Structure formats: structure tokens, C-alpha cells
Amino acid sequence: MSNPPRRRRRRRIHPIIKLLFSLAAIGLMLYFATFAFKYCMGLFMTGEEYVVQLPGQESPIVEELPEETAAPGEPEKVTEVGRATILSAGDLMTHLPIVRSGKVGNAYNHSYIFDYINPYVSAADYAVVNLETTLSGTDGKEYTGYPKFNAPDSFASAAYLGGFDMMLTANNHCYDYGTEGLLRTLEVVKTAGLETLGTVSQATEEKYTVKELNGIKVGMINYTFAEINDDRNTPLINGLPTKESAAGLINAFDYDNLDMFYAEMENYLTAMKAAGAEATVLFIHWGDEYTTKANANQKAIAQKMCDLGVDVIVGSHPHVVQTMELLNSSDEAHQTLCAYSLGNFLSNQRATNIDLTTGHSEDSVLLSFTFVEYSDGSVCLEGVQLLPTWVLIRGSGDGRTYHILPLDEATEDWKTAFDLSTSQASDAESSLSRTKQIIWGDYENIRFAIEQKATEHHQSLGIFTGGVG
């Protein structure tokens, strides 16, 4: 007898699944009901509001609310519209051991020198360095160091790659190889992608520049000390008489005829303002070598520049860091930031090879200052920063290399960051200590005074930021 066929068991749907299907069905019904309601009632989304369109009406036109403006009779709110930070470095010297350190076969490459300092330089909106050499080439001449400098073109490209935008060319070594060397230096620097200031290729060129940085127009000019005889156009630079071919190519002043300099500066400041300059900077080669305090001539010139309305003065030439001041004009209407000397940004001058045995010639600072512009047209100096630097030398003889180190105290371990020996790390600390002893007290007082004045300016404009904006 055969077995009866087995009954297939009916699979039962789980109650939870039934519930989910029911909810989904209800959701679909609500969605279609809402859509039908909107369609029938003419409900349209416009902007951030719903506008009801009744049957037979045209599509509604929704006007955007006007932006909030000051009430009638109330002044417009003043806001910050531009901010520009300029960084300046000290003397870039090209002593022969530094020249040889970049030799690669028959060519030269000195870009490695700026590896550690590059991030700080590049962070500025505009960066300037004093080129204290000529780039005169080797056509009938050699590369030379002190007392007549001639360096490879690679220093210009290295500075460009290191983050700089401009090289200052008015200094006591700019005429070491005559007019030809002066002109070739300008050509090489410009070809490398940098701008120049202080010397020109033709006497008819402007002796100053007005740069627009983030909407702020900054007038800049560069001068060097010299001996000026009856012929104003042919000064003696570093004791070398300039030729007629160099007439009018070098911005120079004479300590024995400062009135001539002041008259020129007043004219140039007027011209810069006519060209739209809203702030002005004077880069000046002056002072006594290897002296950490400004002399009487520097002080007098700085005060006169303040009275004329210069906003910032940046000095070079002493080859050591000098003091800083925040000057007030004679009528108390203007203030000027003055850094008398930034020291040797790059050099081979060490405590062991020059008469100055204190090590100050190894030290420098990067000076950064910030201009801020507001919608009422006012432009103010609202920030100043110093970064001490030190030139590290590795190796010996022709195998030496040179590195500009940022002595940033925010970097916790210089020894690791810069791959320093214990002795080198100690030397870096000594450099920082020397620089702080000279300038840090002045710097902190100046920074506080500038920030206080900025806060007062904000309050007068109705901007309350609790400090510098």
C-alpha cells in the first residue's frame, strides 16, 4: 500500500513583517495624498517660505528681503577690507666659503641654504632681503668675497626659491664692479623672478615702488649711505667713485648733507602718495658696523623720517642686530616703527674669524609687520613680529655648508628638527640669548603699544574684537 502524498506546509508570514508592509503602504498613501493636496492648492516652495497659490491666480512673485543696512542717520558699519604682512631679512653676504659651498660640478646651486627658513619667508605676503654683493658674472673676472663682492647668479634664484619677492640693491657693495656689475646684478635678479629696489637700470626710472598687497598700496624705497660731492649724480660708494654712466642709478645719501636727503625723501613720499600709497616703508643702509646700538645719525634720520610720515624703517649694514624703537612725530600725530639693523641673515663672519669675538655677527632677525585697511579708508600698522635666526655651518674646509636656522621657540627640539649636534644646539641657544638681550625688551614693548593703538582704533570705528582683529 502506497503512502499518501505529503501535504505541503503553508508558510506563515511573520507578524513583524506584516507590520512593516502595512506601515510602508500607509506611508505611500500619505505621500500621494500630500502631493495631490499641494497640486490642487498651488502650494509652491519659494526661498525659505511656502507661498499658497489659490486656483485661478498667477504664479506668485516673491521678492527677496533687502540686505540689512544702517538705519537712516546711522553711520555705515566699518569692516576690515585688507591685511598685508611684509617680511624683511637682513644682510645676505656671499663670502667665498659660502660661494664654494654651492658648487656642483661646473655650476652652482645655493638653494639648500634657505631650506629651514623657507616656510617662514613664504608665509608673508611680500618678503624682502638685502643683497650685499654684485652678480657681475665671470666674463674677465672671478667670484670674489670681501672687500669687493662678486657672487654666482645662483644666489638670486636661491632667494627666489627661498620665498623672497624683492632684493634690496642699494648698499655699500652695489658698485664693487662698477656700472657694468650694477646693471648685470639688476638683470640677473629680475630674470630670477625677483623685483629690485634701490638701484635702477636707467636714470629715468622711478626710484621707489608702490606695491598693491591684498588691496593695500604700500610705497617702498631703499637708500644707502655714500659720499656725495658737488655732483649729486656721481657719489662715492664704499670709497669708489661712480662714473658718469651710473649717474642717477643709485639712491644714496650723505651724512654730511642730510638736508639734501630729507628734501629728496619728502618729494618721493609725496610722489608715492600721489601714486596711491596708503603706507610707506624705508629700507636704509646705515650705521656703524659691529655695534649693537644705533648711533646719533641713525637716531636723527629716523626721527626726521617719522616727522615726514614714514610708517616703517628697516635698517641694514652693521652686520649685527641693533635695537628697535617706536617713534612719535614732533607733533604727536604719527608713529614710526624703526628696526635699526636686522643683522647678518647669511654670512661667514664668525666669532673665530673676525675681530668681533662675541658671536653677534652670526645672528639676525626676520622682521614682519602687518598693515590693515578698513572700509572707511584708514590703513594702520597693527602687528609686528620678530623671528631670531642663526647661521649654522656644517663640515670644514671646502666641504662646509651653510644653513639659516629659524630659532622659533615654538619648535620644541631644535636638535632633532635641524639634526644638530649637542654643541651646535648649544650654539643656537647662545645665539637666541644674544639676540634677546639686545632687542627683546624693546620688541615686546613695541608690540604691546601697537596692539593697544590698534584696539583703540577699532573702538573708534565701532569694531569690538577684544584685541587686534
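Hi everyone, a word on ground rules. Residues are numbered from 1 along each chain as its sequence is written, and side-chain values use heavy atoms, with hydrogens and water left out. Since we are looking at a predicted model, local features need pLDDT of at least 70 and side-chain atom pairs count only at pLDDT 80 or more, while totals for chains, interfaces and linings use all residues.

Let's begin with the largest nonpolar core. By that I mean a set of buried Ala, Val, Leu, Ile, Met, Phe, Trp, Tyr and Cys residues joined through side-chain atoms within 4.5 Å, with buried meaning under 20% relative accessible area for a 1.4 Å probe, protein chains only. There are 34 residues in this core, and Phe114, Phe164, Phe345 and Leu346 touch the most other members. The largest share, four residues, comes from α4. Helices here are DSSP runs of H or I with at least four residues, strands are runs of E with at least two, and both are numbered from the N terminus. Another core, of 33 residues, lies apart from that one, with Met166 and Phe369 among its members.

Now, which residues of α4 are buried? They are Ser154, Phe155, Ala156, Ala158 and Ala159. These pack against β3, α2, β5, β7, α5 and β18, where contact means heavy atoms within 4.5 Å. After α4 comes glycine 163, with a positive phi near 110 degrees. Phenylalanine 164 has contacts beyond four places in sequence that include Ala159, Phe114 and Phe345.

On to the largest pocket, with a volume of about 320 Å³. A pocket is an open set of points on a 1 Å grid over the protein atoms alone, where a 1.4 Å probe fits, with protein on both sides within 12 Å along at least five of seven lines; lining residues have an atom within 4 Å of a point. Its lining has 17 residues, and Asp311, Gln335, Cys380, Leu381 and Lys453 lie nearest the centre. α9 gives the largest share of that lining, four residues.

Key
Buried < 20%, exposed > 50% of the residue type's maximum accessible area, 1.4 Å probe, protein only. Points joined across faces, edges and corners; volume = space filled by probe spheres on them.
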